[in-house]
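Biologist: Can we go through this model together? I would like to start with the strands and then move on to the ligand.

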Amino acid sequence: MANAVNPSNNHKMNGNGEIYCTGNLLHTIQTANPKLFSDSKTFVDMKLNNSPDKTLADFEALMQAKNQTPTSEDLKKFVDEYFSPKGTELEAWTPTDWKENPSFLDLISDPDLKQWGAELNNIWKILGRKMKDEVSKNPEYYSIIPVPNPVIIPGGRFIEFYYWDSYWIIRGLLYSQMHTTARGMIQNFLSIVNRFGFIPNGGRVYYHGRSQPPLLTGMVKSYVDFTNDDKFAIDALDTLEHEFEFFTNNHSVTVKNHTLCVYRDSSAGPRPESYREDVETGEEFATEEEKELHWSELKAAAESGMDFSSRWFISKDGTNDGNLTNLATSSIVPVDLNALLYWNAKLIAEFHSKAGNIKKVTEYETKAEKILQGIQEVLWNEEAGVWLDYDMKNEKPRDYFVPTNLSPLWVKAYNISESEKISASIMAYIEKNKLDTFPGGVPNTLSYTNEQWDAPNVWAPMQYILVEGLNNLNTPEAKNMSMKWATKWVKSNFKAFSKDRHMYEKYNADQFGVGGGGGEYEVQTGFGWSNGVIIEWLSKHGRDISTGAAGGGGAAATRVMSVVGVAAVTIVALIAGRFLWQSWFK
Ligand SMILES: OC[C@H]1O[C@H](O[C@H]2O[C@H](CO)[C@@H](O)[C@H](O)[C@H]2O)[C@H](O)[C@@H](O)[C@@H]1O
């Protein structure tokens, strides 16, 4: 396994790190004034027309000829000559296993929702991408990381795979009976771990210093649940263990005598895909060392998938006030990452047990148990009645709402025998934070900062964690709330789609049926994980949800409406019958 668990080598991924990840060429082009591209990601997604060495040598010659101060026009000419437009390495791809009428459509009662389900199923064809053969032959010409199988991308500016997005995309594909595409995407990830020792944030070399929430083992579990192909999981075990080790070896901290993990990045410099933005926020810092620290906190936040959010701000007085210059991601022990690692260990133990590897089962059960103890003793907060992220700088819990505070419910990282007690606590926490009062779903935080992972934005993966977590608790109150929030989410997404004909990357909690905003780029459409979550919930709850009344409560409302409907039909029939009877026998 090349480079296994050695992320520091990974800027060499395609042999072109000096172009796409770091160096003078990247710096000069991304900070040109006036700027060359409205979105910084555009440049680092472009293909090279010559080898990296020739490009760098010719760029140095240009710099010398222009006295190290080329104009934007000079740079534009250089880019036009030495690079091809973004996306030229990819071909649109219609998944070979795509089905016109996947069986989940039969599970939807409401005709409008059924029609929408069919349209979402069509979107898989629009989001399919295949790499041209030349990418794997000459990877040094591209920033895209070669993978053997086609992928379903998130959409919009995101034209490559994204790690955690793919979990919900793959589940959506499995519900759409596209097992081959789902399997191919998982195989891509396995191949990436085998080559590089971990899965980068997304499918580009410039993401080499960071991953995203570890969901590969969860993807394998989903695939096996749908196909009963235990062998697939057993064959993947070595690789899954490697990924688990990547996180535990490179992300661990000791808190209150427990080993837990934090989000972290191992690269230097600004994010290449948001270079200009990071240089700008970096200007707030006086020294190179402080700038580097700031950039590394930005990238650690990107590893969490929540880039950016007040969740990762630590102000001078230890609150979540502030802005990007207050990012301190790597000093915050996150509930979700540790809950996911617990889940990874449990699933690896489960797959080993299928293979009959008893020693390994014990090894991974022990690892899971240790993480669980850490979660219970460091992250569970009796007073708040929920799990909370922990601030290592100020040695205190962070009592701010984030959906991930409930993530242990989703992956069952708690003592199941305490479900009743935990359920009462969680329901009180929901009530206290008025989480059920938002018309468009549960916002990502309760702070309105204009960052994309703050209020009022609502994200599909977070609604999923909340809804599936509450459902797992299995008490009537938690199950009712779970169904209510699933219904609200489906109906709100449906309204936005009916109006705009788009599935959005994120939505607005304060308004029913409206896309989100804020952050460093425009809201994107497509959109992989939003489609995946809706397809799963239409499959699970499609018999109970109707487009009838706005807002939540669809299932109950549907049932009440059916009773009223049956009564009305009966009365009309009785009146009509009496009328006919009278007219026939007059
Ligand atoms: O270009 C800015 C950032 O974009 C990505 O983050 C956002 O989109 C991803 C794809 O849907 C999603 O996984 C992530 O949660 C979003 O915040 C990228 O992942 C970041 O690393 C990047 O800096």
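Modeller: First, a term: two strands pair if DSSP finds at least two bridges between them. Helices (H or I, at least four residues) and strands (E, at least two) are DSSP runs, numbered from the N terminus. This is a predicted model, in which local features need pLDDT of at least 70 and side-chain atom pairs count only at pLDDT 80 or more, while totals for chains, interfaces and linings use all residues. Residues are numbered from 1 along each chain as its sequence is written, and side-chain values use heavy atoms, with hydrogens and water left out.

Biologist: Good. How many bridges are there between strand S6 and strand S7?

Modeller: There are 4 bridges, and the pairing of S6 (residues 252-255) with S7 (residues 258-261) is antiparallel. Ser 252 faces Cys 261 in S7.

Biologist: And which residue takes a positive phi in the hairpin of S6 and S7?

Modeller: Lys 256, with phi near 45°. That hairpin has 2 residues between the strands.

Biologist: What is the order of the open sheet that has S3 in it?

Modeller: S3-S4-S5, with antiparallel pairing. The edge strands are S3 (90-92) and S5 (151-152), each of which pairs on one side only. S3 and S4 (residues 128-131) share 3 bridges, and Glu 91 stands opposite Lys 130 in S4. S4 and S5 are joined by 2 bridges. There, Gly 128 has Ile 152 in S5 as its bridge partner.

Biologist: What about the open sheet with S8? Which strands are at its edges?

Modeller: The order is S8-S11-S12, and the pairing is antiparallel. S8 (332-333) and S12 (396-397) are the edge strands. S11 (residues 390-391) joins S12 through 2 bridges. Tyr 390 has Pro 397 in S12 as its bridge partner.

Biologist: Switching to the ligand. How many residues surround it?

Modeller: 21 residues surround the ligand. To count as near, a residue needs a heavy atom within 4 Å of the molecule. The closest are Asp 165, Asn 201, Glu 273, Gly 305 and Asp 307.

Biologist: How does that shell split by class?

Modeller: 9 nonpolar, 5 polar and 7 charged residues. Here Ala, Val, Leu, Ile, Met, Phe, Trp, Tyr, Cys and Pro count as nonpolar, Asp, Glu, Lys and Arg as charged, and the others, Gly among them, as polar.

Biologist: Which side chains have an N or O atom by a ligand oxygen, and at what distance?

Modeller: Asp 307 at 2.4 Å and Trp 164 at 3.1 Å. Asn 201 also has a polar side-chain atom 2.7 Å from a ligand oxygen. The cut-off for a polar contact is a pair of N or O atoms within 3.5 Å. The protein covers 100% of the 480 Å² of accessible area that the ligand has on its own, by the Shrake-Rupley method with a 1.4 Å probe.

Biologist: Last topic, the backbone. Where is the cis peptide bond with omega about 0°?

Modeller: Between Asn 33 and Pro 34. Pro 34 is in the loop between helix H2 (24-30) and helix H3 (41-44). The bond from Ala 455 to Pro 456 is also cis, with omega near 5°. Pro 456 lies in the loop between helix H17 (419-432) and strand S13 (457-458).

Biologist: And what is phi for Asn 228?

Modeller: Near 60°, a positive value in a residue other than glycine. Asn 228 is in the loop between helix H10 (216-227) and helix H11 (230-250).

Definitions and conventions. Polar contact = N/O pair within 3.5 Å; in protein donor to acceptor, adjacent residues only side chain to side chain.
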